[in-house]
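Visitor: Could you pick one part of this model and take me through it up close? I'd like to know what holds on to what.

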Amino acid sequence: MDTVESGSGAWRPYEIGADKTGASALVDWLDELGADVLADLLTERKALIFRGFGVSPEAIEPVLSRLVPDRLPYVHGNSPRTKVGGNLYTSTEYPQKYTISMHNELSYAHRWPTRLTFYCEKSAETGGATPVLDGQLWLDSLDAEVREAFAGGIRYVQNLHDGFGFGKSWQDTFETDDRAAVEEFLRQSRAEWEWGPDGLRVTQLRPSTTKHPVTGAEVWFNQADQWHPAGLGDDASAELYDILTPDEFPQYVTFSDGTAIPDAYIEQIIDRGLESAVDVDWRSGDVLLIDNVLLAHGRRPFEGTRRVLVAMSDT
């Protein structure tokens with residue numbers, strides 16, 4: 001296995017360049033490597049970026065079948081996305097002028113993907129990097145007061161409308177309009193739910209950290225900062241408070257006992273995460289594979305057009 005690691009010293013994603021592998025196509029090199037070796041390499045390196053293979057939109061499907069077999073749908077996802085193929089989605093479609101803070105995909109859910117693959121079909125003219133962050137480093141960077149406060153877990157609340165309202169509808173969130181299917185999903189997720197005249201309210205209790213199943217590393221693993229009004233910025237937060245009470249927000253979070261999480265805790269979580277993250281600056285045709293437990297990810301603001309697709313797997 002002839003590869004090259006980018007950078008030196010501090011941790012960075014492990015770069016595998018086409019010029020060093022001797023393979024003309026990424027899918028051929030992945031077949032030569034084998035699924036078991038790939039899994040071991042990903043656990044060891046946490047993130048792999050495949051660069052210089054010139055992967056085209058027409059060639060991405062066989063690559064994804066090697067990197068994220070048995071791809072998962074984005075069911076119960078809370079960010080706006082567009083499905084472009086078989087469980088292949090656009091990356092988060094928040095306005096490009098905003099930073100998306102660090103998070104592990106679906107860490108608030110009962111079931112989350114173990115792997116994510118990002119494919120850069122077109123890089124932005126300016127900006128648009130995907131920052132990645134070691135979850136153990138993120139946990140260690142937080143003040144002891146914050147870690148201790150979150151030790152008892154988190155209560156997530158979603159108010160999903162029936163087609164008209166703030167945020168996502170329950171139909172979009174669960175990719176179905178079958179209420180029985182939604183209830184069965186939530187039952188298996190050990191969530192509480194209540195149907196109302198305007199939609200669905202879902203409440204979940206989840207831990208703030210988790211341990212990697214192979215390495216045993218304990219990592220910060222929740223999305224409290226993205227569900228809390230303080231994570232929206234002062235203007236957006238103030239507008240929500242003017243219209244709704246916190247428990248009526250499209251999504252909201254408290255400590256597990258229902259007490260409010262201080263804004264200062266949320267601000268520290270966001271700031272420490274972004275400060276410690278390592279940017280992956282995209283080139284068109286790049287493919288990035290990350291361990292979704294060991295690493296969090298986000299998005300830097302950008303100008304121009306940018307198209308990055310994402311697929312998920314628990315294999």
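Guide: Let's start with the ground rule for pairing: two strands pair if DSSP finds at least two bridges between them. Helices (H or I, at least four residues) and strands (E, at least two) are DSSP runs, numbered from the N terminus. This is a predicted model, so to speak of local features pLDDT must be at least 70, side-chain atom pairs count only at pLDDT 80 or more, and totals for chains, interfaces and linings use all residues. Residues are numbered from 1 along each chain as its sequence is written, and side-chain values use heavy atoms, leaving out hydrogens and water.

Now for the part I'd pick: the open sheet, whose 4 strands run in the order 10-11-9-14 with antiparallel pairing. Strand 10 (192-196) and strand 14 (251-255) are the edges, each pairing on one side only. From one strand to the next, the twist averages 15 degrees (axes are lines fitted to C-alpha atoms, for helices over the stretch in contact; angles run from 0 to 180 degrees between N-to-C directions). Strand 10 meets strand 11 (residues 199-206) over 5 antiparallel bridges, and glutamate 194 stands opposite arginine 201 there. Helix 8 (residues 179-188) packs on the sheet, touching both of these strands, its direction about 155 degrees from that of strand 10; contact means heavy atoms within 4.5 Å.

Then there are the rings. Phe, Tyr and Trp (its six-membered ring) pair if their centres lie within 6.5 Å; planes under 30 degrees apart are stacked, over 60 edge-to-face, the rest tilted. The structure holds 11 aromatic pairs. One of them, tyrosine 156 with tryptophan 227, is edge-to-face at 4.9 Å and 65 degrees. Tyrosine 156 sits in strand 9 (residues 154-161) and tryptophan 227 in helix 9 (residues 224-227), so parts 71 residues apart in sequence are tied together. Both are buried (under 20% relative accessible area; exposed is over 50%, partly exposed in between, with a 1.4 Å probe and protein chains only).

Tryptophan 170 and tryptophan 195 are edge-to-face too, because their centres are 5.0 Å apart and their planes at 80 degrees. Helix 7 (residues 170-174) holds tryptophan 170 and strand 10 holds tryptophan 195, so this pair bridges 25 residues of sequence. At 21% relative accessibility, tryptophan 195 counts as partly exposed. The charged end of arginine 179 sits over the ring of tryptophan 195, 4.1 Å from its centre; that takes NZ of Lys or CZ of Arg within 6 Å of the ring centre and within 35 degrees of the ring normal.
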